[in-house]
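Hello,

Here is the structure I promised to pass on to you.

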Amino acid sequence: MAKRQSKPASSSSDNKVQPLFPRQSQGWDPLGGNGGEERREQSYVRTVKPMSAGQALLMQAVKEHNLTLALGPAGTGKTYLAISSAVTALEKGEVDRIILSRPAIEAGESIGYLPGDVNEKMAPFLRPLYDALSDRLGSKRLKAMMADGSIEIAPVGYMRGRTLNNAFVVIDEAQNCTYAQIKMLLTRLGWHSTMVLTGDPDQSDLLQGMSGLADIARRLEVVEGIAVVRLADADIVRHPLVASMLTVL
């Protein structure tokens with residue numbers, strides 16, 4: 001398993017980790033200003049708003065481009081914002097369906113063969129996408145839309161040869177795809193469709209050098225009509241310790 005590249009040790013004068021979200025700072029507070037004493041509300045939210053400049057840039061890029069690559073560390077909202085944009089486009093009638101794809105790669109341990117059909121086999125890997133969709137649609141509506149084909153699960157291995165027209169396509173955890181796989185996925189884009197790739201190049205579960213996300217992003221950054229958005233530690237919206245840990249891990 002490829003690991004995040006270790007960073008050089010800090011000198012004795014730099015060994016104090018500075019919090020990215022000082023308690024006295026103005027603006028958004030990931031703990032809601034309550035010190036974490038109250039539970040974070042996770043009920044249905046109809047309108048999703050960006051919590052940082054990077055997230056605002058990502059949401060705007062998805063609106064204005066048919067292909068967007070969202071790169072950044074864990075907790076920056078890449079997947080959630082992509083799913084939210086997909087649901088908004090579907091509800092506005094801008095697309096006919098949402099297609100979700102994610103590589104079936106375990107995070108460092110094998111869970112063996114899984115029973116059931118392709119949807120049941122892919123369910124553990126697509127759980128983060130289900131969670132985001134449930135927040136946006138509700139569980140009952142989500143099940144109905146999956147049953148009628150409005151929302152489709154498409155494993156990476158089954159995407160070759162397809163042309164995805166009138167669809168909003170979300171490719172999650174793209175850092176676990178090889179260069180050839182990402183190239184194949186990108187070339188599925190059809191008419192009146194939007195595609196968003198999300199991933200963290202520093203957290204690939206493939207062997208060292210096999211992930212193609214960073215190389216693909218670098219090549220596409222100069223292509224007109226394609227947006228490559230790079231989120232940073234300051235865009236992390238999970239517990240503030242996540243952002244602090246990533247500065248030293």
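This is a predicted model: local features need pLDDT of at least 70, side-chain atom pairs count only at pLDDT 80 or more; totals for chains, interfaces and linings use all residues.

Residues are numbered from 1 along each chain as its sequence is written, and side-chain values use heavy atoms, with hydrogens and water left out.

Salt bridges

I looked for salt bridges (a side-chain nitrogen of Lys or Arg within 4 Å of a carboxyl oxygen of Asp or Glu). The search of the whole structure turned up nine. As background, side chains of opposite charge can pair when their charged atoms come close.

One of the nine joins Glu 91 to Arg 141, with 2.9 Å between the closest N and O atoms. This pair ties together distant parts of the chain, as Glu 91 sits in helix H2 (residues 78-91) and Arg 141 in helix H5 (residues 139-147), 50 residues apart. Helices here are DSSP runs of H or I with at least four residues, numbered from the N terminus. Glu 91 is partly exposed at 35% relative accessible area, and Arg 141 is partly exposed at 38%. For these words, buried means under 20% relative accessible area, exposed means over 50%, and partly exposed lies in between (1.4 Å probe, protein chains only).

Arg 219 and Asp 215 form another salt bridge, their closest N and O atoms being 3.2 Å apart. Both residues belong to helix H7 (residues 213-220) and are four residues apart, about one turn of the helix. An α-helix has 3.6 residues a turn, so residues three or four places apart point the same way. Arg 219 is partly exposed at 45%, and Asp 215 is partly exposed at 25%.

Glu 221 pairs with Arg 230 in a salt bridge whose closest N and O atoms are 3.0 Å apart. Elsewhere, salt bridges with shared partners join Arg 97, Glu 152 and Arg 162 into one network.

Helix H2

How many residues of H2 are buried? The count is 11 of its 14 residues, so H2 is mostly covered. Among them are Leu 81, Ile 83, Val 87 and Leu 90. After H2 comes Gly 93, which has a positive phi near 80°.

Best wishes

Terms used: Helices (H or I, at least four residues) and strands (E, at least two) are DSSP runs, numbered from the N terminus.
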